[in-house]
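Please open the structure in the viewer and keep the selection tool at hand. The stops below are to be visited in order.

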Amino acid sequence: MEIFRSLGFQDDVHRASFKAEPRIAFSRVLTDEELGLSPSFRPDDFDASPEEWTSCSQKELEPILLRVASTHRQAQLLFGTQLLGFEETGKGITAQIGDRATGRRREVRCRFLIAADGSKSSIRQQLGLRMLGPGVLNHNVSIHFSAPLSRHLPHGPNFLHFVQNQDVTGMFVATDGESSWAFAVPHGPEHGESSDSITRERAVELVRQGTGIPGLDVEVAGIVPWRMEADSAERWRVGSVFLAGDAAHRMTPAGGLGMNTAIQDVHNLCWKLAAVLQGWAGWGLLDTYEAERRPVAQQNLERSVDLVTGRGEDRPALDFDIGFKYASSAVIHDEGDLSERMNGDDGPFAHSGSRAPHVWLDRNRQFSTLDWYGRCFTFLAGVDGKDWREAAAKVAREMQVPMLASQPIAGIQVHKTTEETWTAAYGIGATGAALIRPDGHVAWRRATGVTCATSVLRSVLERVLSRRDGAA
């Protein structure tokens with residue numbers, strides 16, 4: 001939701017969302033009054049973000065993403081189109097695509113290719129990349145259905161709700177907060193069981209057994225077989241091809257980590273591709289994508305398995321959602337950060353590599369420090385950091401790096417107490433400074449001033465952007 005906020009369409013997602021408790025429930029049937037509950041993914045005193053933990057079905061979210069993507073003049077969106085093959089040359093990628101309806105083929109040339117083609121990625125298969133990890137945990141069939149369940153529930157819907165009784169074992173997922181649900185039940189192809197054996201009549205019976213309502217009026221919309229998997233590709237980059245999302249990592253549904261991790265993947269990757277294509281970063285910057293994202297995906301993968309099995313350490317969900325730190329050449333750690341592990345916390349302190357902290361900038365709690373970031377680099381300096389600000393403007397101009405070096409939100413007056421709050425949260429004093437990347441992570445910070453701010457900042461940008469390797 002923070003990434004959607006940075007792109008300006010978070011309100012559209014909020015309007016399409018519904019209320020589901022951010023936790024996992026366990027019971028005999030869905031309508032049991034007493035439930036076993038996981039800790040909430042959202043603490044009661046939550047103020048680590050300007051956004052909320054949000055439930056929105058893929059059916060509602062994807063049209064929003066499509067509409068936003070369509071507004072970009074660079075975007076060409078093709079439906080009913082298949083990638084038939086690709087090859088890499090010295091100048092990039094040559095891909096063959098085909099129209100499924102007409103059979104017409106065409107060739108597309110591009111500098112880079114992002115494999116965001118899902119868990120069964122054909123691009124990953126063509127590259128011959130193995131998936132490493134536990135692999136297939138079980139086989140399931142999801143029954144998508146509508147039923148007037150809300151009137152029967154003694155509680156609101158939970159993010160995931162596991163049920164187990166003598167008749168059925170499965171997992172309920174609310175998809176609109178009212179009458180639309182999915183019920184995933186296991187099946188065993190290794191024992192000769194086929195997903196085809198679950199007819200619509202059998203599906204209705206299973207839903208009734210899982211809800212505990214014998215005469216429930218159930219309308220089945222679809223029956224879809226799928227595998228619960230947990231693994232990660234052995235490499236996320238091969239030449240000019242980058243893997244992202246389920247093509248790079250597969251997780252269980254528990255914790256909502258799959259799509260969130262996927263969106264963070266491309267949020268990390270796309271600004272780096274833009275920097276190289278536009279010539280203000282060196283090629284070495286692209287190596288930091290896998291270095292930064294793969295460790296995060298691995299811990300999220302393990303977390304998703306632990307939530308299903310009940311194993312693992314009792315770490316708060318926010319530690320996984322926004323508390324991680326990147327470690328790569330695109331991050332410069334100061335001495336205070338060197339002893340820090342990659343895993344952080346959601347507390348308001350801007351360690352190098354961490355997500356920049358959220359602090360409200362106005363009394364109405366409408367504008368956050370996170371609203372400073374998203375389109376380019378942002379340079380922040382303390383109240384007495386005039387030398388830093390002048391140096392940032394000079395270096396950005398000379399190196400042709402897009403950067404905001406002044407208060408970025410027009411019309412917002414930051415009061416003295418707020419100034420003190422955000423500078424404390426960012427670990428900089430009145431003469432200190434911090435550099436925030438386009439993805440909202442801290443590239444570098446310094447608590448105090450220096451003798452020659454220009455040379456220091458030029459050196460920082462050269463390192464973070466791999467400019468010493470030469471620009472693209």
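Select Gln400 to begin: this residue is found in the loop between helix H9 (386–399) and strand E16 (403–404), where helices (H or I, at least four residues) and strands (E, at least two) are DSSP runs numbered from the N terminus. The model is predicted, so local features need pLDDT of at least 70, side-chain atom pairs count only at pLDDT 80 or more, and totals for chains, interfaces and linings use all residues. Residues are numbered from 1 along each chain as its sequence is written, and side-chain values use heavy atoms, leaving out hydrogens and water.

Is Gln400 buried or exposed? Gln400 is exposed, because its relative accessible area is 62% (buried means under 20%, exposed over 50%, partly exposed in between; 1.4 Å probe, protein chains only). Its phi is near 55°, a positive value in a residue other than glycine. Most residues other than glycine have a negative phi.

Next, select Ser466, in the segment after helix H11 (453–464). Its phi is near 50°, also positive, but Ser466 counts as buried, at 7% relative accessibility.

Now select Phe377. Leaving aside neighbours within four places in sequence, its contacts include Trp271, Trp280, Met403, Leu435 and Leu465 (contact means heavy atoms within 4.5 Å).

Finally, move to Phe79, in the loop between helix H3 (58–70) and strand E3 (81–89). Phe79 counts as exposed because its relative accessibility is 63%.
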